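Good morning, everyone, and thank you for making the time.

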Amino acid sequence: MNRALFLSWRFLGSINLTVGLCLALTVNLIWGYFSLNRRTPLFTPLNDMGLIPWMQTYGVHNLAATGWFFLLMILLALLAGNTFVCTTNRVVQLLTAGSDGKGAGHRKWLALKLAPHIMHYGLIVILVGYLVSYLCTNVLTGRTLVPGFPLSLPGASGQVTLLAFEPEYYQGQRLAFWRNEVIAARARLLLDDGTAKQEAILSCTRPVRFQGYSLHLRNFAPKSQGGMKMKTRVDLYVRKDPGVALYLAGIALFTLGLALYVYEWVTHREATTE
Amino acid sequence: MNRSKPHHILAILCLLLALLPLAACDRNDGNDRADTGGAAGPAFLQVGEFAINRISPERTEVRDGAGRILVLIPREAPIPADCVPSQVIRVPVRRVAAYGYFDIAVLRALGVLEQTLVGVTAPAKRWHIPEIKQGMESGRITFLGDAASIDYERLKQSEPELVLTWDPSIIPLLDALHIPAVVTTTPTAMCLNTRMRFVQFLAPFFLKEKEAAAYFTRIETALGDIRARTAGLNPQPKVMWGDIYEKRVMVEPGNAWVGELVGLAQSDYQFKDVFGTACIEITLERFLYSGQDADIFFTYRTEEMGATSKEALAKLNPLIKDIAPLKRGKVYAPLPHYNQSADRLDEILTEISAILHPEAYPGYRLHYFVELPDTEPAAKERS
C-alpha cells in the first residue's frame with residue numbers, strides 16, 4: 001500500500017508528466033476547437049443539467065463531438081494532481097530549509113519563496129471549484145419574469161417580481177443599423193423574502209443574489225425600440241452553486257500569491273539595479 | 001520534483017492518438033440518436049436544442065426550446081413528487097393549442113391534428129389547411145386572438161392540455177392557469193436535421209413515434225434523391241434568401257435549414273457565414289454586397305405582401321432593384337400555403353432543389369413557390 005502510494009506520488013510529481021500533459025492539453029484543445037464548431041447545442045445543457053446527467057445523455061451519445069471533453073477532464077485531473085504533488089514537494093523542501101531560520105526577515109523570505117506555490121494551490125482550488133459547480137449546482141432553467149407575475153424559488157419563502165425593464169438603447173450615429181437596439185439590458189427587480197422587500201438591478205454582467213440563489217439574465221424582450229412589438233419579459237437562469245465560494249477562494253489565493261511574487265520581483269530588481 | 005522516465009509523455013500521447021479516431025466518427029450535426037429503447041424510440045434523442053430522455057416506461061423527460069425540462073407521464077399515473085405540476089404533461093395529449101404554423105403542420109404529419117387541435121392564433125381566413133378551416137367553422141377549433149395578445153379567457157375555455165408556443169412570455173400566465181406549455185423555437189435557427197427530426201420531438205406527447213419515424217424516413221429519402229440528382233451539377237447557382245423591409249434587413253442564416261439545403265443541392269448560399277436565429281437581421285450593405293452576383297433570390301414576401309413581380313419588389317424598396325437576381329436572375333416568392341405545409345417537407349425540399357437545378361428536374365411544376373415575372377402581369381398585358 002505504502003509502496004503504491006509512493007509510486008503514485010512519484011509518478012504525479014514527474015516533470016516529464018507536466019510536459020506531457022501540457023502537450024496533450026494543447027492537442028486536446030485543438031481537437032475541441034474543431035469539435036465545438038457550430039455544435040454549441042450539444043454543450044449548452046452542461047450549464048444547467050450538471051456534469052453527470054450530461055455525460056450520461058449528450059456526452060456518451062455524441063462521442064465523436066464530446067470525446068475531447070472527456071479527455072480534457074482526465075488531463076485536467078492529472079494536471080491538478082501533478083501540480084499538487086510538485087508544489088507540495090517544493091513547499092516541504094522550503095519549509096524544511098526554512099525551519100532553521102528565525103525572525104521577521106526570515107519569515108518574509110519564506111513567504112516570498114512560497115509565492116509561486118500559493119498561486120499553484122490557488123489554481124487547484126479554482127479547478128476543484130469548477131468541478132463542484134458542475135457536479136452539485138442546482139439550476140432552474142426556463143424561468144421567465146413578466147410584469148405582475150412573481151417568481152417563487154423552490155425551498156425558499158421569498159418571491160421575485162419584475163418591476164420594470166429599463167434597457168439602454170443605442171442612440172449613436174455611427175452604426176445606423178444598430179440605432180434603437182438594446183445595448184445594455186437592465187431589469188429592476190423586487191426581492192421579497194416575506195419579512196422585508198428590497199429592489200435590485202439585474203443585468204447581463206450583474207447577477208442578483210437572493211436566498212441562496214443567484215439570478216442570471218439569460219434573454220430578454222423587447223430587443224429594440226419600435227419594430228416588432230414583443231411583450232416585456234426577462235428569461236433567467238436561477239442557480240444555487242456551492243462551487244462559487246471555492247473558486248472565489250481560489251482566485252483570492254492566486255491573487256495573494258501573485259501579489260507576493262510581484263513584490264519579490266520588484267524588490268529583487270531594485271536590489272540588483274542598486 | 002522527481003524525475004521520471006519520458007515514457008509517461010509517450011503514454012499520454014498514445015492515449016490521445018487512440019482517442020483521436022473518435023473525431024473522425026460519423027457526424028450528423030448534433031442530432032444524434034442513442035441506443036434504441038424498443039418501439040417507443042431511442043432512450044435519448046437530441047434534436048438540435050431539444051431533447052427526449054426516456055427515463056422509464058412511465059416517465060419521459062423532454063427539454064424544450066427554452067431549456068425547460070418537462071415530464072411526460074401516462075394519463076392515469078400520479079404526478080411525480082419531484083415535479084412542478086405545471087411542467088408535467090399527461091400523454092397522449094388530447095387537446096392542444098398551438099401558435100406556429102410549423103407546429104401545426106407537424107401535428108398534421110403525426111396524424112393528430114383533427115383530434116387534438118383546439119386553439120390557434122391566426123383567424124380562419126389565414127388558414128389553408130382544410131382540417132383547420134373545417135374545425136374553425138364547426139367551432140371545434142377556437143381563434144385565441146393574435147399571438148401578441150392572446151385572449152386568456154378563450155384559451156381557458158378551450159381547455160387545452162398543452163400549449164405549443166414560440167413566446168416564453170406567456171409561460172408565467174399559463175402556469176397560473178395550470179396549463180403546461182412547450183416552447184418550440186430556439187435562439188438559433190433550426191438546421192436541416194432538426195427541421196426533419198422535430199416531428200420526433202413532438203411524437204412522445206401523442207405516442208406517435210411510429211408516424212414520426214415514417215415521416216422522417218420520407219424526408220430522408222427525398223434528401224437522398226436530391227443528393228443523387230444534383231451530384232456534380234455545374235454551374236452552382238448563388239442563392240440568397242431574405243428581404244429588405246422598411247427599416248430592417250432579414251435573411252436566413254447559413255445554419256438554418258434552407259442554407260444547408262442550398263449547399264446540399266450543389267448550390268452556393270450567399271449567407272452561409274451568417275450564424276444565428278432564423279430570420280436574422282443583417283446590415284443593408286451586406287445584403288446588397290451578396291446580391292451583386294447572386295443568381296436566385298427567395299423573398300419572404302408573398303403575393304399578399306406585394307411580391308407580384310420584380311418590378312413590384314423594386315418599387316416596394318428601391319434599394320433592392322440593383323441586386324443581380326432582380327436585374328438578370330430569378331426571384332421566387334412563397335405561395336400562401338407554403339408556411340403551413342411543413343408536413344410536406346419532402347416536397348418542399350424537392351421543389352427548392354428543382355428551382356436551383358431545373359435541368360435535374362425536367363417538367364417539374366412548382367407547388368409552393370412562384371417565379372416572379374419582370375413586370376406586373378397587368379402592365380405586361382397593356383404593353
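Predicted model: local features only at pLDDT ≥ 70, side-chain atom pairs only at ≥ 80, totals over all residues.

Residues are numbered from 1 along each chain as its sequence is written, and chains are lettered from A and ligands numbered from 1 in the order in which they are written.

Strand 9 of chain B, residues 162-165, runs parallel to strand 10 of chain B, and three bridges join the two. Helices here are DSSP runs of H or I with at least four residues, strands are runs of E with at least two, and both are numbered from the N terminus; two strands pair if DSSP finds at least two bridges between them. These strands belong to an open sheet of five strands with parallel pairing, in the order 8-7-6-9-10. At its edges are strand 8 (142-143) and strand 10 (181-183) of chain B, each of which pairs on one side only. Helix 2 of chain B lies across strand 6 (96-98), strand 7 (117-120) and strand 9 of chain B, and runs at about 140° to strand 6 of chain B. Such angles run from 0 to 180 degrees between N-to-C directions, and axes are lines fitted to C-alpha atoms, for helices over the stretch in contact.

Chain B has another open sheet of five strands, in the order 1-2-3-4-5, with mixed pairing. Strand 1 (44-47) and strand 5 (88-91) of chain B stand at the edges with a single partner strand each, so one side of each has no neighbour in the sheet. On average, and ignoring direction, neighbouring strands of this sheet are turned by 20° against each other. Within it, strand 3 (residues 59-63) and strand 4 (residues 69-74) of chain B run antiparallel and are joined by four bridges, and Val62(B) stands opposite Leu70(B) in strand 4 of chain B.

Now let us consider the domains, whose bounds come from an automatic or database domain assignment. Chain B is divided into domain 1 (44-206) and domain 2 (233-382). Between them, 16 residues of domain 1 of chain B are in contact with 17 residues of domain 2 of chain B, contact meaning that the C-beta atoms, placed from the backbone, lie within 7 Å. On the domain 1 side, helix 2 (101-110) and helix 7 (192-206) of chain B are the elements that give two or more residues, and helix 2 of chain B gives the largest share, six residues.

Finally, which way do helix 2 and helix 6 of chain A run relative to each other? Helix 2 (residues 15-36) and helix 6 (residues 63-98) of chain A pack at an angle of about 155°, with their axes 9 Å apart. They are therefore roughly antiparallel to each other, given that angles under 35 degrees count as roughly parallel, over 145 as roughly antiparallel, 65 to 115 as roughly perpendicular and the rest as oblique. Helix 6 and helix 7 (residues 104-136) of chain A pack at about 165°, with their axes 9 Å apart, and are therefore also roughly antiparallel to each other.

Key. Contact = placed C-beta atoms within 7 Å.
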